[in-house]
Amino acid sequence: MSGINGPGGTQSLPESALDLDSTVHDPQDDVSDDQSADDTSMLDADSALGDDTASETRSITDSVLGYQYENGRRYHAYRAGTYPMPNDEREQERMDMQHHIYLLINGGELCEAPIPPQLDRVLDIGCGTGKWAIDFADHHPEAEVLATDLSVIQPYWIPPNVQFEIDDAEEDWQYHSKFDYIHIRSMGGSISDWPRLMQQAYRNLNPGGWIEVTDFEAWATTDDNSLPAGSAYVEFQERLSEAATKFGKVMNISPQFKSFVENAGFQSVVENQHKAPLSPWPKDPAFRNLGRYMYVQMLESIEPYSLALFSRVLKWQPEKIQALLAGVREDLNNRDYHMYSIVHCVYGQKPQL
Ligand SMILES: C[S@@+](CC[C@H](N)C(=O)[O-])C[C@H]1O[C@@H](n2cnc3c(N)ncnc32)[C@H](O)[C@@H]1O
């Protein structure tokens with residue numbers, strides 16, 4: 001395992017907090033709710049088709065686009081209820097910001113595995129808005145990039161070598177041919193059986209192909225014990241962990257990635273860890289810049305992560321959830337709390353024949 005890296009390099013996170021005078025805009029102030037948004041355009045287009053085709057495609061679109069609304073957020077329809085986070089525009093913006101954060105952390109690179117310059121087939125599991133798949137396809141015009149998700153939230157205008165498919169990664173994989181590189185990112189809390197996912201990835205890679213699995217720890221660390229044990233943030237992450245585990249999809253799973261990849265049979269397994277401050281408390285300019293993005297990202301994450309799990313699993317009333325989240329926002333805004341999360345990026349190679 002290599003050391004814990006800083007944004008785009010091997011710098012370590014400064015341990016002391018420094019006075020931070022800049023303020024960070026709170027997106028809660030101006031991001032509107034997306035409850036009224038709906039993808040009716042595909043349904044309208046279907047109605048122009050002949051009768052039989054229309055009813056068939058309408059039932060498909062209903063099962064994929066018949067979104068569920070709860071707690072003021074919009075949730076996926078395909079395999080409804082299996083993924084506890086929203087898929088509305090606000091969540092899509094959060095995913096796109098997180099994509100930028102991953103690039104900041106990794107010096108602008110889209111992957112850490114030592115993949116060859118030429119690839120034939122690439123698979124991105126749980127692609128979200130498809131930002132990674134689109135960027136990767138732009139950088140690898142020779143490769144065919146297949147990206148899958150439960151939600152139809154990907155753009156229409158995409159590079160010719162990207163294809164998006166609605167699919168549940170926990171079902172049996174039915175791909176017609178194997179891949180050279182499989183990418184899985186930010187899927188903590190999405191998967192109930194990680195060893196099975198790794199086995200399916202192994203079986204669907206060509207000999208010599210690479211897997212890469214990346215996620216943040218869903219747990220804040222401090223080097224100086226500056227986050228009080230009784231704080232709202234500690235309560236939040238403990239309840240989140242409890243609810244996700246009860247739901248059957250462990251949230252703070254990334255510390256286990258290395259053992260999952262090794263146990264599936266991959267070789268040359270490497271784990272890189274990167275520190276990401278949860279707010280702009282560090283003095284170091286690169287970490288402070290990363291912390292600015294992380295702070296907005298964290299403010300935008302706490303509702304998506306907790307609303308469905310706290311209400312459906314813990315049976316909390318909305319008022320109780322919002323009271324805790326108000327405390328979490330205060331804690332995130334407290335620059336004396338030197339919180340950071342660790343990103344685990346693990347890659348490994350399927351043995352050559
Ligand atoms: C937090 S987002 C991460 C998106 C993307 N990988 C990224 O890094 O930006 C998790 C995505 O996984 C998708 N997802 C969750 N469970 C899934 C499953 N069983 N099969 C396919 N996609 C799934 C969700 O719909 C969501 O878009």
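**View 1. Asp 215 is buried, with 25 other C-beta atoms within 10 Å.** Here, a residue is buried if 20 or more other C-beta atoms lie within 10 Å of its own, exposed if 12 or fewer, and partly exposed in between, with C-beta atoms placed from the backbone. This is a predicted model: local features need pLDDT of at least 70, side-chain atom pairs count only at pLDDT 80 or more, and totals for chains, interfaces and linings use all residues. Residues are numbered from 1 along each chain as its sequence is written. You'll find Asp 215 in strand β8 (residues 205-216); strands (E, at least two residues) and helices (H or I, at least four) are DSSP runs, numbered from the N terminus. Skipping neighbours within four places in sequence, Asp 215 is in contact with Arg 185, Ser 186, Met 187, Gly 188, Ile 253, Ser 254 and His 344. Being in contact means that the C-beta atoms of two residues, placed from the backbone, lie within 7 Å. Asp 215 and Val 346 are 131 residues apart along the chain, yet their C-alpha atoms are separated by 9.3 Å.

**View 2. Helix α6 (residues 232-247) packs against helix α9 (residues 318-332).** Their angle is about 125 degrees and their axes are 8 Å apart. Axes are lines fitted to C-alpha atoms, for helices over the stretch in contact, and angles run from 0 to 180 degrees between N-to-C directions. So α6 and α9 are oblique to each other: angles under 35 degrees count as roughly parallel, over 145 as roughly antiparallel, 65 to 115 as roughly perpendicular and the rest as oblique. On the α6 side, look for Ala 232, Tyr 233, Glu 235 and Phe 236, which meet Leu 324, Gly 327, Val 328, Glu 330 and Asp 331 in α9. Sorted by class, this contact of α6 with α9 has 5 nonpolar, 1 polar and 3 charged residues. Ala, Val, Leu, Ile, Met, Phe, Trp, Tyr, Cys and Pro count as nonpolar, Asp, Glu, Lys and Arg as charged, and the others, Gly among them, as polar.

**View 3. α6 also meets helix α8 (residues 285-313).** The axes of α6 and α8 come within 9 Å and cross at roughly 60 degrees, so these two helices are oblique to each other. Among the contact residues are Phe 236, Arg 239 and Leu 240 of α6, and Ile 302, Tyr 305 and Ser 306 of α8. The contact of α6 with α8 splits into 10 nonpolar, 1 polar and 2 charged residues.
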